[in-house]
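Please read this briefing alongside the sequence and the coordinates. It is arranged by topic, with overall composition before individual contacts.

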Amino acid sequence: MSFNNLNWLWAHLPEHVRAGAGDNNFLLRRFLAGFCAELDAADAAHDSLHLNLSPDTAPAEFIEFWLSELLGWGWFPGWFTLAQRRSFYRNIARHYARRGTARGIVEFLLEFGIRSRVTTRPEVYGEWTLGEAGWLITGPLVVVIEIFPTKAGVAQEQSYAGEWALGEDPVAEQALVPTRPDIDQLLRWQKPVGQFFIIEEHTAQ
C-alpha cells in the first residue's frame, strides 16, 4: 500500500502546529505514529478483503470461515484437498440452488470425486422395465443413486506388504478416496424432506 496515514496527516496539519512542535517535530510525529499505524493496518485489511473472498486467492482458513459462518457448510472429509475446497467454495451457490435434484446430486458428488448416476423414475419401454427391476421406484419420492468406483487406491487406513493387508495403522496416511461413510454424509445434505434414497454401489470389474 503506497498511501501512508502519517505522511498525509503531517502534510495537512496547520503550519503553526508543526512549527510549534519543536525538536524538529520528533515528539509530535512519534505521538501521531501509533494512531496512524492502526489506520494503516485497517486500510491494508480493507484493501486485501477481496483477496480473502476470492476462491483463487483466499487462504485456507478464510475458505473454511466463509463456508462455515456465511454459507453454513462446516464438514469436509479428511482427504479433501485445499484445491478441492477452493472449487467447492467457488461452486457452493450453484450446489445450493440445485440441491436435491438429480443434476444437483450428480454435480455435488462429483465435486468430491464421486461419480454417480441418479434415477428419479422407472425406465420403461412399452411394458418392459429397464434396469434393476426399476429399482422398485413406485412413486415420485424415490431416488436411486448409483455410485461408481473411483480410480484411486484403497479407501481405508491400512498398511500393506506386497499383497497382504496388515490391518489398521494409526500412522498410515488416509487414502485420498471417498469411503461409504463419506458418501452417506454427503447424501444426507442432499436428501430432501420426505424422499427415500436407494444407494447402489458398483464395484470395479
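The model is a predicted one, and its protein chain contains 8 helices and 7 strands. Of the 205 residues in the protein chain, 30% are buried. When contacts between residues at least 6 apart in sequence are considered, 56% of them join residues at least 24 apart.

**Packing of H7 and H8**

- Helix H7, spanning residues 102-111, packs with helix H8, spanning residues 180-190, at an angle of about 145 degrees, and the two axes are 11 Å apart.
- The crossing that H7 and H8 make is right-handed, and the contact involves Gly104, Ile105, Phe108 and Leu109 on the H7 side, with Leu186, Leu187, Trp189 and Gln190 on the H8 side.
- Sorted by class, the residues in the contact of H7 with H8 are 6 nonpolar and 2 polar, with no charged residues.

**Aromatic rings**

- The count of aromatic pairs in the model comes to 16, and one of them is the stacked pair of Phe76 and Phe80, with 5.3 Å from centre to centre and 15 degrees between the planes.
- Phe76 has a relative accessibility of 15% and therefore counts as buried, the cut-off being under 20% relative accessible area.
- Phe80 counts as buried as well, because its relative accessibility is 4%.
- Ring pairs link Trp73, Phe76, Phe80, Phe88, Tyr96, Phe108, Phe112 and Trp189 into a cluster; among these residues, Phe108 of H7 and Trp189 of H8 also take part in the helix contact described above.

**Charges over rings**

- Arg29 lies over the face of Trp10, at 5.1 Å from the centre of the ring.
- Lys191 has its charged end over the ring of Phe197, at 5.9 Å from the ring centre.

**Ser54 in its loop**

- Ser54 belongs to the loop between helix H4 (49-53) and helix H5 (60-70).
- With a relative accessible area of 23%, Ser54 is partly exposed, because that class covers values between 20% and 50%.
- Ser54 and Tyr89 are 35 residues apart along the chain, and their C-alpha atoms are separated by 9.2 Å.

Technical notes: Residues are numbered from 1 along each chain as its sequence is written. This is a predicted model: local features need pLDDT of at least 70, side-chain atom pairs count only at pLDDT 80 or more; totals for chains, interfaces and linings use all residues. Side-chain values use heavy atoms; hydrogens and water are left out. Axes are lines fitted to C-alpha atoms, for helices over the stretch in contact, and angles run from 0 to 180 degrees between N-to-C directions. Helices (H or I, at least four residues) and strands (E, at least two) are DSSP runs, numbered from the N terminus. A crossing is left-handed if the near helix is turned anticlockwise from the far one by less than a right angle, and right-handed if clockwise. Contact means heavy atoms within 4.5 Å. Ala, Val, Leu, Ile, Met, Phe, Trp, Tyr, Cys and Pro count as nonpolar, Asp, Glu, Lys and Arg as charged, and the others, Gly among them, as polar. Rings of Phe, Tyr and Trp (its six-membered ring) pair if their centres lie within 6.5 Å; planes under 30 degrees apart count as stacked, over 60 as edge-to-face and the rest as tilted. Buried means under 20% relative accessible area, exposed over 50%, partly exposed in between (1.4 Å probe, protein chains only). A charge sits over a ring if NZ of Lys or CZ of Arg is within 6 Å of the ring centre and within 35 degrees of the ring normal.
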